[in-house]
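Let's take a walk through this structure together. Have the sequence and the 3D view open as you read.

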Amino acid sequence: MPDERGHFGPYGGRFVAETLMGPIEELRQAYERYRNDSGFQAELEADLAHYVGRPTPLYFAKRWSEQLGGARIFLKREDLNHTGAHKINNTVGQALLARRMGKTRLIAETGAGQHGVATATVAARFGLECVIYMGAEDMERQAPNVYRMRLLGAEVVPVTSGSQTLKDALNEAMRDWVTHVDNTFYVIGTVAGPHPYPAMVRDFQTIIGREARAQILEQTGALPHALVACVGGGSNAIGLFHPFLKDEQVALYGVEAAGLGLETGQHAAPLCAGKPGVLHGNRTYLMEDKHGQILDTHSLSAGLDYPGVGPEHAWLRDAGRATYVAVGDEEALAAFRALTRIEGIIPALESCHALAYAMQLAPTLAQDQGIIVNLSGRGDKDINTVARIEGISL
Amino acid sequence: MSRIAECFAALQEQGRKALVPYITAGDPNPQVTVPLMHAMVAAGADILELGVPFSDPMADGPVIQKACERALAGGTSLGDVLAMVAEFRQRDQNTPVVLMGYLNPIEIMGYQTFAQQAAAQGVDGVLTVDMPPEEAEPLVMACQEQGLDRIFLLAPTSSPERMEQICALGSGFVYYVSLKGVTGALTLDVDDVGQHVAMIRRHTPLPVGVGFGIRDAESASKVATIADAVVVGSALVKRIEQCQDKPEAIPEEIGALLRAMREAIDATGSA
């Protein structure tokens, strides 16, 4: 998966304006070439080791596991990566590719700002021009990351159209790309968009699952009972899941944002409460109304606030290989407080959705069973959001 | 012969070029659209492009995005757009109408249902911006069965192989996007467009329309020397936006803009 035209069953594909078909095909060919190129892979590995800081630890959260009284919970510490989230795994890969393709300008969309920071970071490292599109509402709730991107030399462009969040930033980045296709490389941050992005971003993120699989076997001598990861677009989840797909005894849980509750309509859970459609270059599950218009989403976490999801997740859902559940704002906040106080780790609000589901799952399992939770990012960027909820001004 | 083919055949006989205005259906309110369609025909439009509003018009610039937002605020759905075409047909049986938009509203309605209803209400052609030929077969088949023309975009970035493939799949006319960028973008390089149109003509006997970047009578007349059809969108939609507080004036305002373009284009044709 996917097939040569980028289909995961009925999902995926390429649904973009004709102007972009040439550049997308150019990218596919470049990626096919370099993914099998030993020089490229060696450079990527060296950067992941010495710049990103891989491998990241697989940490046994002993106190938290004991308090929950069930399965042993292990955290894959993507929060310890340079820039503080799993996003850097992918941007290093795409920047190396951009450089080999002779592109001098990187553009990206960002929600919580983690992907924007990761893109600005690699642009700085490789001396490339960088423009980041970000919803005006997200810029407000993620001000520290906006500042980080600017420090790194990127131009951050506020997007004021539509709902002023991630989907609109993506529209705007697509418009930039179509206007500057000659020198510009569009660094998509998740496993969505037109082929080859879903497969390419997945491949760059599978380092998470490959490491985790080897680490859990080494630490416990067995595969885990379950993997849990949050799903917005779904890149950290696919990265963790993919190397375990053939281990059928390992249950896979993708956790979407239930926001204020699935029943309220104020959520960001297309796999749990949406239906298939076409948006942003691929066919996948979407949050849409009965006329096919894309709905506004809600999540406490800007990084999950997206009405679509990667097409491979849509396929895994229909195939029954992965189970998708949703966790609301309140539960995510409870997990934020729990992990911070019990383990001394401040998790990103995105990751808190996965942690919250692990809190539900662990007590139902036995103590010899293991759960790996992908701690996809650190919570520094979210402390303003949490403080505001608690009525504290920083 | 389809209404679009008949239209181009008649124009060719007269030595004239087609003027193809685009408006977003339901912009700024649903009541304006049908009177505006008639006004555009009266002002010299040959084919009407009716935009189906979509929440995320990625290939369009801010002008048309805002038009979509106004239309959606007024509740205009794909079903409503089809009803507008039916109403237009009560008084106009001749002017071809092309629906232009994004795939998702059609996908939700269902390709078969959409094609049947569109044909029944008097639509002549369908152009979906985000559906390249690789993904087009199911909708193309549904449209073909109902006698609807399939209009595809060609871009400056289209390879000769893609031109070949797209021209083979399309009917009615092909639409050359005159520049890299979104609708309403600025510069138009007429020589470059001319070279691309000449290349397209080697692949297809279909008429070639050119759009993106045509903002006034002068640019319209330049494009008319190269292409069979001149597509004007953002320039009209911008005027509609300026008139949104007095929508009753819109048919006349847009008519005046089109008449100037019509005259400029016809002057080129007879030169």
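Start where the two chains meet: across the interface of chain B and chain A there are 21 residue pairs in polar contact, both residues being at pLDDT 80 or more. (A polar contact is a pair of N or O atoms within 3.5 Å; within protein, one must be able to donate a hydrogen and the other to accept it, and residues adjacent in sequence count only if both atoms are side-chain atoms.) Keep in mind that this is a predicted model, where local features need pLDDT of at least 70, side-chain atom pairs count only at pLDDT 80 or more, and totals for chains, interfaces and linings use all residues. Residues are numbered from 1 along each chain as its sequence is written, chains are lettered from A and ligands numbered from 1 in the order in which they are written, and side-chain values use heavy atoms, with hydrogens and water left out.

Now for the charges. The rule finds four salt bridges across this interface, a salt bridge being a side-chain nitrogen of Lys or Arg within 4 Å of a carboxyl oxygen of Asp or Glu. In one salt bridge, B:Glu107 pairs with A:Arg283, their closest N and O atoms 2.6 Å apart. That pair runs from helix 5 of chain B to strand 12 (residues 281–286) of chain A. B:Glu107 counts as buried at 18% relative accessibility, and A:Arg283 is buried too, at 17%. (Buried means under 20% relative accessible area, exposed over 50%, partly exposed in between, with a 1.4 Å probe and protein chains only.)

A:Glu18 also forms a salt bridge, with B:Arg162, at 2.9 Å between the closest N and O atoms. A:Glu18 sits in helix 1 (residues 18–35) of chain A and B:Arg162 in helix 8 of chain B, so this pair joins two chains.

Within chain A, A:Arg175 and A:Glu172 meet in a salt bridge (2.8 Å, N to O). They are three residues apart in helix 8 (residues 166–179) of chain A, which puts about one helical turn between them. A:Arg175 is buried at 4% relative accessibility, whereas A:Glu172 is partly exposed at 22%.

Key. Helices (H or I, at least four residues) and strands (E, at least two) are DSSP runs, numbered from the N terminus.
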